[in-house]
Amino acid sequence: GEYGEIVAARYLRKHGYIIVEGNYHCKFGEIDIVAEDKKYVVFVEVKTRSSIICGLPVEQVRDDQKKNLIAAANAYIKKNNI
């Protein structure tokens, strides 16, 4: 949710990243956060949980979601000539 994205963006900024774009949309899907530092561009999928009873956030990203995220990241890279 929005709260998780705010927390994630704050974390990234604290670690030297600049938030380039939030909620980037394309035909392949959405990327919650696009950030960069002097060396990397990162594409972030945010999963917010109040506990790990239902599993870790990383376990909540299905294979089809991973494929869509990669396709969206590639579209972003192409669009922005990265």
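I started at one strand pair: I18 stands opposite E36 in β2. Before going on, I noted that this is a predicted model, where local features need pLDDT of at least 70, side-chain atom pairs count only at pLDDT 80 or more, and totals for chains, interfaces and linings use all residues. Residues are numbered from 1 along each chain as its sequence is written, and side-chain values use heavy atoms, with hydrogens and water left out.

**Sheet**

I took strands (E, at least two residues) and helices (H or I, at least four) as DSSP runs, numbered from the N terminus. Strands pair if DSSP finds at least two bridges between them. I looked up β1 (residues 18-26) and β2 (residues 29-36) and found them antiparallel, joined by seven bridges. Two residues sit between β1 and β2 in their hairpin.

Next I went to β3 (residues 41-44), which pairs with β2 in the antiparallel sense over four bridges. E36 has V41 as its bridge partner in β3. This hairpin has four residues between β2 and β3.

Put together, I get an open sheet of three strands, ordered β1-β2-β3, with antiparallel pairing. β1 and β3 are the edge strands, each pairing on one side only. Neighbouring strands are turned by 25° against each other on average, direction ignored; axes are lines fitted to C-alpha atoms, for helices over the stretch in contact, and angles run from 0 to 180 degrees between N-to-C directions.

**Helices on the sheet**

I checked α1 (residues 2-14) and saw that it lies across β1, β2 and β3, at about 25° to β2. α2 (residues 63-79) packs on the sheet too, touching β1, β2 and β3, and its direction makes about 115° with that of β1. Contact here means heavy atoms within 4.5 Å.

**Cores**

Which residues make up the largest nonpolar core? I listed eight: A8, A9, L12, Y17, I33, A35, V44 and V46. A core is a set of buried Ala, Val, Leu, Ile, Met, Phe, Trp, Tyr and Cys residues joined through side-chain atoms within 4.5 Å. Buried means under 20% relative accessible area, exposed over 50%, and partly exposed in between (1.4 Å probe, protein chains only). α1 and β2 are the elements that give two or more residues to this core, and α1 gives the most, with three. Leaving aside neighbours within four places in sequence, A8 is in contact with I33 and V46. I also found a second, separate core of seven residues, including Y24, V34, L69 and A72.

**D32**

Not counting residues up to four places away in sequence, D32 touches E5, E21, G22, N23, V44, E45 and V46. Its side chain reaches the backbone nitrogen of V46 at 2.7 Å.

**Rings**

I counted two aromatic pairs, using Phe, Tyr and Trp rings (six-membered ring for Trp) with centres within 6.5 Å; planes under 30 degrees apart are stacked, over 60 edge-to-face, the rest tilted. Y24 and Y76 are edge-to-face, 5.0 Å centre to centre with 90° between the planes. Y24 is in β1 and Y76 in α2, 52 residues apart. F43 and Y76 are also edge-to-face, at 5.7 Å and 75°. F43 lies in β3 and Y76 in α2, so this pair ties together parts 33 residues apart in sequence. Y76 is buried at 4% relative accessibility, while F43 is partly exposed at 22%.

Terms used: A polar contact is a pair of N or O atoms within 3.5 Å; within protein, one must be able to donate a hydrogen and the other to accept it, and residues adjacent in sequence count only if both atoms are side-chain atoms.
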